Amino acid sequence: MSDASRVLLGLGGCVDYELKLTAGVLEELVASYGIGFAELGSAGPVASERDLVVSILGYVARGGGGEHYVASAPALESFADRFPHRQTLGGTSVRAGILMDRLGIPSTWHLVSVNDTVRRLAPASTAYFSSSSEDTTYPHLIVQYDKGLRVAVGDVVIEAPFPNRLIYVNDPANDTMVLDSTLGERLGQAEVFLISGFNAMRDKELLDRRLAELREHMRQLPSSAVTYFEDAAYHEPSFSGRVREALLDRIDIYGLNEDELQSYLDRSVDLLSVRETVAALADVRTLIPAPTLVLHTKYWALAVGDEASAYASALDMGTVMAATRYVHGDAFTESDVAALRTRPRRRSAVEFAAALEARLGASVRCIPGFSLDVANPTTVGLGDTFVGGFLSALAKDA
């Protein structure tokens with residue numbers, strides 16, 4: 001068995017156009033499109049560049065993150081061309097694999113689209129296979145913004161209370177999520193399997209077929225393998241339940257972030273309130289009764305379930321690596337990771353974690369995040385990096 005075959009990461013990847021928002025360009029777009037502040041609360045479909053700007057400004061105003069399907073691929077290109085941007089490889093599985101490569105753990109990727117950018121940027125340690133018979137490129141727009149970004153929208157100035165990232169997608173390859181015929185055979189050699197990517201699908205019948213196909217492939221997984229499912233913002237929100245219904249009995253660890261948590265609960269949650277978080281965990285565990293639920297947020301990361309304590313080191317590794325990316329972006333070194341580990345943890349998160357564990361006992365393990373004051377943080381790929389760090393700890397133990 002090759003080292004890369006031990007960790008199989010799926011199910012789709014992409015090329016990202018990464019950019020950071022600036023007030024000047026946004027204010028020019030607000031003026032040219034005649035956008036008013038009252039429009040920012042709407043959550044309609046994104047079918048044009050104007051819709052895209054309205055959607056982005058709505059998120060900036062509340063410091064939120066999210067992912068959306070965009071009906072107009074040219075709108076993505078047009079908006080990206082207004083800002084300096086760079087091409088990177090994206091998708092939860094791909095970013096997790098890139099991080100794992102940095103930690104010396106090779107992996108195999110299941111892709112649905114390959115092109116020269118993938119061939120150029122994929123790590124040398126990585127093996128990948130694709131269900132696509134020809135090269136395709138469907139860039140995802142990844143928008144970052146900093147805390148304190150101020151944008152005038154008519155007579156109102158909005159200011160971002162937190163830094164965050166947004167994802168806008170028009171990607172037929174991930175929309176159809178064709179599974180490679182060799183997936184099951186490859187899963188027969190896997191010790192760790194990551195499932196992500198169904199959130200981009202928009203056809204109910206096709207989704208159901210793909211889920212049934214995946215279950216058939218997963219029959220070849222060794223009984224000792226660990227399956228980790230990472231949630232995401234579904235382009236068709238109702239599909240999240242279909243995915244859970246089809247896969248929950250095959251999932252060992254179910255991961256999600258605070259945006260997904262609050263979307264499922266349809267309420268905001270004070271993530272530093274033990275009372276509100278305990279109630280949120282009870283409600284989301286009813287909705288998602290996986291053996292272990294992992295929740296990663298800007299303040300802390302936790303595991304809840306009978307085996308929660310077994311994942312303490314994985315939670316910590318995920319937290320460390322996400323914080324390192326937040327501070328240093330892609331250009332971090334081993335010494336940067338070592339220095340990050342010496343930083344103090346956020347005091348409010350330390351107090352919260354202790355109180356939560358005292359309240360819920362052995363069923364929860366909570367790792368506080370770091371106290372980070374960074375002028376130009378990286379907000380793209382933090383959840384993916386957390387997953388990569390978490391899985392690296394599992395792979396070392398496997």
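At what angle do helix α1 and helix α2 pack, and how far apart are their axes?

## Helix pair α1 and α2

This is a predicted model. Helix α1 covers residues 23-33 and helix α2 covers residues 49-62. They pack at an angle of about 125°, with their axes 11 Å apart. The two helices are therefore oblique to each other. Their crossing is left-handed.

On the α1 side, the contact is made by Leu26, Leu29, Val30 and Tyr33. Helix α2 contributes Glu49, Arg50, Val53 and Leu57. By class, this contact has six nonpolar and two charged residues, and no polar ones.

## The nine-stranded sheet

Nine strands form an open sheet with mixed pairing. Their order is β6-β5-β1-β11-β12-β13-β14-β15-β16. The edges are β6 (127-130) and β16 (364-368), each pairing on one side only. Neighbouring strands are turned by 15° against each other on average, direction ignored.

Strand β12 (residues 226-230) pairs with strand β13 (residues 253-257) in the parallel sense, over three bridges. Tyr228 stands opposite Ile253 in β13.

## Helices on the sheet

Helix α14 (residues 347-360) lies across β15 (300-305) and β16. Its direction runs at about 175° to β16.

Helix α15 (residues 382-397) also packs on the sheet. This helix touches β1 (7-9), β11 (192-195), β12, β13, β14 (292-296) and β15. The direction of α15 makes about 175° with that of β12.

Technical notes: Residues are numbered from 1 along each chain as its sequence is written. This is a predicted model: local features need pLDDT of at least 70, side-chain atom pairs count only at pLDDT 80 or more; totals for chains, interfaces and linings use all residues. Side-chain values use heavy atoms; hydrogens and water are left out. Axes are lines fitted to C-alpha atoms, for helices over the stretch in contact, and angles run from 0 to 180 degrees between N-to-C directions. Helices (H or I, at least four residues) and strands (E, at least two) are DSSP runs, numbered from the N terminus. Angles under 35 degrees count as roughly parallel, over 145 as roughly antiparallel, 65 to 115 as roughly perpendicular and the rest as oblique. A crossing is left-handed if the near helix is turned anticlockwise from the far one by less than a right angle, and right-handed if clockwise. Contact means heavy atoms within 4.5 Å. Ala, Val, Leu, Ile, Met, Phe, Trp, Tyr, Cys and Pro count as nonpolar, Asp, Glu, Lys and Arg as charged, and the others, Gly among them, as polar. Two strands pair if DSSP finds at least two bridges between them.
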